[in-house]
Amino acid sequence: MRTLLVTGPGGSGRTTVAAATALAAARAGHRTLVISADRADTLDTALGTALGAPDAHPGLTAHRPDADDRFRDDLLALQERAASALDLLGAERLDGEELTPLPGAEELALLRALRDAARDDAYDTVVVDLPPTAKALATLALPEQLRRYLRRLLPPERQAARALRPMLGRLAGVPMPAAWLYETAARREDDLAAVQRVIEAPTTTVRLVAEPGPAGADAVRTAATGLALHGLRTDLLVANRVLPDATSDTWLAGLCAQQHKTLTEWESAYDHVARVRHLGRDPRGADDLAALGLTAPAPGTPDTEPWPVTDATADDGGRGRVYLWHIPLPGVARDELGLIRRGDELVVTAGPFRRIVPLPSALRRCTVAGAGLHEGELRVRFTPDPDLWPSGR
């Protein structure tokens with residue numbers, strides 16, 4: 001399954017680009033699904049039809065998951081599983097009618113829809129209309145973060161054997177965690193892992209949308225840093241609402257010059273930039289979307305490993321074995337970087353973004369010997385720890 005994640009700064013036309021890309025994929029013969037979890041989006045307006053309308057666009061399905069129903073069902077199921085504990089506390093049960101979604105329910109519903117699309121194998125191409133970049137990155141990082149929290153709070157290897165729990169509970173003087181708690185954690189781990197596999201798959205890329213200009217340039221620079229930090233590949237930068245070259249209007253001429261200055265910078269800095277012309281109106285319906293000229297995502301996958309580890313021993317003047325971990329961070333300045341080693345994890349801060357990543361297995365037996373930023377790439381230097389590294393290596 002080819003997955004395309006569409007995001008960009010607020011007001012950049014992300015939803016229109018997502019709709020146009022999905023329509024192009026469907027017209028190219030792909031079984032295509034476009035997903036959006038934002039109730040206030042304009043996906044139906046851009047497509048010119050109500051979401052879920054049958055055969056509105058052949059080969060294309062548009063879906064907005066219902067966050068209300070899923071949140072209500074999940075919370076009621078959890079309440080039922082914890083019934084005995086709640087009864088001991090004298091808690092009053094919640095009714096389904098009084099439950100309203102908490103913040104984050106829409107993001108979780110979107111991730112679940114993405115997981116289901118991959119599991120069902122009913123589509124060749126899935127286009128996801130994500131929220132603005134900062135919120136989109138927080139959403140895409142959720143599976144990795146929640147899995148880390150689950151492993152720390154309920155490590156499966158530490159749960160006591162079923163037969164020993166009553167005895168251990170009496171010895172400790174407190175009740176042992178119930179089996180259902182670990183079972184629920186295991187199910188959530190499986191669900192989150194499935195979503196994370198889709199997000200990290202080599203067939204998943206990001207289409208970044210922005211209007212050319214000073215504000216758009218700043219937003220793209222920041223977005224590029226955040227996407228790279230989270231290991232997400234960008235297949236195309238869409239310069240949206242580009243004005244025509246010739247204009248006799250002084251005010252429009254100044255705006256055109258500003259746009260073209262940014263476009264020149266983007267086309268020299270990024271491998272793939274698509275110019276989408278301004279139609280003079282908000283695109284609506286299949287004809288307008290086709291007039292934007294956007295294409296279906298290419299079926300190929302990137303050849304490069306996102307964060308490779310290389311052996312730099314030969315470049316170190318024979319002073320011992322050295323490994324470099326290459327972390328691409330385009331657009332970041334040195335004073336915006338932070339790096340902390342915590343056990344087998346590395347905490348990386350780049351501008352407003354932060355990620356905790358596990359070290360590759362070979363580097364877990366090494367110590368951090370330094371780091372440097374070179375042409376948009378952070379290179380973290382590791383040397384073997386003599387107490388952990390096998391002799392003769």
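**Close-ups of a predicted model**

View 1. With a relative accessibility of 46%, Asp 95 falls in the partly exposed class (buried is under 20% relative accessible area, exposed over 50%, partly exposed in between; 1.4 Å probe, protein chains only). Look for Asp 95 in the loop between α4 (83–89) and α5 (105–120); helices (H or I, at least four residues) and strands (E, at least two) are DSSP runs, numbered from the N terminus. This is a predicted model, so local features need pLDDT of at least 70 and side-chain atom pairs 80 or more, while totals for chains, interfaces and linings use all residues. Residues count from 1 along each chain as its sequence is written, and side-chain values use heavy atoms, leaving out hydrogens and water.

**View 2. His 230, tucked into a loop.** His 230 sits in the loop between α9 (214–229) and β6 (234–242), and its 16% relative accessibility makes it buried. Leaving aside residues up to four places away in sequence, His 230 touches Leu 137, Ala 141, Arg 354 and Arg 355 (contact: heavy atoms within 4.5 Å).

**View 3. Zooming out to the chain.** Eleven helices and 14 strands make up the tally, and 41% of the 393 residues are buried.
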